[in-house]
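Student: I have a new structure to read. Can you take me through its features one at a time?

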Amino acid sequence: MADEPRLPQKRYFRQRAHVNVFNDMKFDYPERPSTQNWAPYYPAYFRADAGESGEDGKRPLSESTEGEAKRGPKCEVPSEASKEASNLARVEFADIGCGYGGLLVALSPLYPNTLMVGMEIRTKLVRYLQKRIEALRAFQHTLLDQRSTRTVEWVDVRSKLDREITALHSSTDAVDEPDNGETTRLVPGHYENIASMRINCQKYLPNFFTKGQLSKIFVLFADPHFKRRKHKARIVTQTLLAEYAYVLREGGVFYMITDVRDLYEWNVKHLDAFPLFERMSEDEVSKDPAVPCVVHSTEEGRKVARNKGDKFLACYRRIADPAEEL
């Protein structure tokens, strides 16, 4: 059928891995977070037209029968949000250097009420991921329409997560099949809560997020920039950690994983030295439902597993700023 959704093919969206982040490239970015229009990225959560719905085209929350505010389908507002911010849906997860979007697709059903954005500097990869998300949404809408004529199965997210956790603690990486998203079963959230955008996070991250807006930041299998003169381009530096700490709320988590030991040691050194991040214990990491997706779900992570390589994971919690408590 001509109207049947189709997933994009990666072979048409290949692009070299290395991009000079210091080049003067053209990006679309807001002057400040309040002027960012999220409607094209999350049409189920934001209205495209501005009006009585609120400025900048943001969709207000509707009241449920129990009186709890909701943002979109079955979406609860974080209790720590301010009264003004609680009237609007907000992005809470950011995958910096999201690549082909494996992490976002895996996390979407686990956190169906949370908006997530993948931020990538490579144009073709952003186009691929957005087409992938649009196709997955179309598959979900088709399945929803078919419920009146046949029984449509829902994916068991809990069982899927348990398999990922089992693989995480096994001696071998058992999760080697690519996860392209659900096309034959319904999932919570229907992939309406994920999106991708082309942006240079090393320059414009605070233009998109207010102070303490994010609850999770992911930096997975980043470019190691092996040459010493290129170290300043690494995604974890003292300067960038200050920006991550600004947009990450207190208690939020910064996830980092790589297959390069030198980069891992560099990242850990800088994170340990930064006063607003505290490393999580192994027990805390093992209980985090996002960790199996961090380890197994990205395309680069699966490539490392196929080649029997090592993966080095570290998770840090954003702690309170003593200066703000004075």
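Student: Which residues of H9 are buried?
Tutor: Start with the terms. Buried means under 20% relative accessible area, exposed means over 50%, and partly exposed lies in between, using a 1.4 Å probe and protein chains only. Helices are DSSP runs of H or I with at least four residues, strands are runs of E with at least two, and both are numbered from the N terminus. In H9, the buried residues are Glu299, Gly301, Arg302, Val304 and Ala305.

Student: What should I know about the model itself?
Tutor: This is a predicted model: local features need pLDDT of at least 70, side-chain atom pairs count only at pLDDT 80 or more, and totals for chains, interfaces and linings use all residues. Residues are numbered from 1 along each chain as its sequence is written, and side-chain values use heavy atoms, with hydrogens and water left out.

Student: What do the buried residues of H9 pack against?
Tutor: Look for contacts, meaning heavy atoms within 4.5 Å. The buried residues of H9 pack against H1, helix H2 (123-146) and helix H8 (291-296). Just after H9, look at Lys308: its phi is positive, about 60°.

Student: How do I read a salt bridge?
Tutor: Side chains of opposite charge can pair when their charged atoms come close. The cut-off is a side-chain nitrogen of Lys or Arg within 4 Å of a carboxyl oxygen of Asp or Glu. Glu300 is partly exposed at 33% relative accessibility. Lys303 is partly exposed too, at 38%.

Student: How many salt bridges are there in the whole structure?
Tutor: A search finds 12. One of them joins the side chains of Lys287 and Asp283, at 3.3 Å from N to O. Lys287 is exposed, with a relative accessible area of 61%, whereas Asp283 is partly exposed at 46%. Another joins Arg185 and Glu182, at 2.8 Å from N to O. Arg185 is partly exposed at 24%; Glu182 is buried at 11%.

Student: Which residues are linked in a network of salt bridges?
Tutor: Glu153, Glu182 and Arg185.

Student: Which residues does Gln140 contact, leaving aside its neighbours within four places in sequence?
Tutor: Gln140 is in contact with Glu182, Arg185, Leu186, Val187, His190 and Tyr191. Gln140 is found in helix H2, and it is buried, at 0% relative accessibility.

Student: What polar contact does the side chain of Gln140 make?
Tutor: A polar contact is a pair of N or O atoms within 3.5 Å; within protein, one must be able to donate a hydrogen and the other to accept it, and residues adjacent in sequence count only if both atoms are side-chain atoms. Here the side chain of Gln140 meets the side chain of His190 at 3.1 Å.

Student: Now the strands. Is S4 enclosed or open?
Tutor: Check how many of its residues are buried. In S4 it is 6 of the 6, so the strand is largely enclosed by the rest of the structure. Leu115, Val117 and Met119 point one way, while Met116, Gly118 and Glu120 point the other way.

Student: How does S4 pair with other strands?
Tutor: Two strands pair if DSSP finds at least two bridges between them. S3 and S4 run parallel and are joined by 5 bridges. Ala94 stands opposite Val117 in S4. Between S3 and S4 the chain passes through helix H1 (residues 102-110), and this β-α-β crossover is right-handed. Right-handed means that, with the strands pointing away from the viewer, the path from the first strand over the helix to the second runs clockwise. S4 also pairs with S5, in the parallel sense over 5 bridges. There, Glu120 stands opposite Arg198 in S5.

Student: What covers the buried residues of H4?
Tutor: The cover includes strand S3 (91-96), strand S4 (115-120), strand S5 (194-198) and helix H5 (238-247). Helix H4 (residues 201-208) has 6 of its 8 residues buried. Among them are Tyr204, Leu205 and Phe208. At the start of H4, a side-chain oxygen of Asn200 comes within 3.1 Å of the backbone nitrogen of Gln202.
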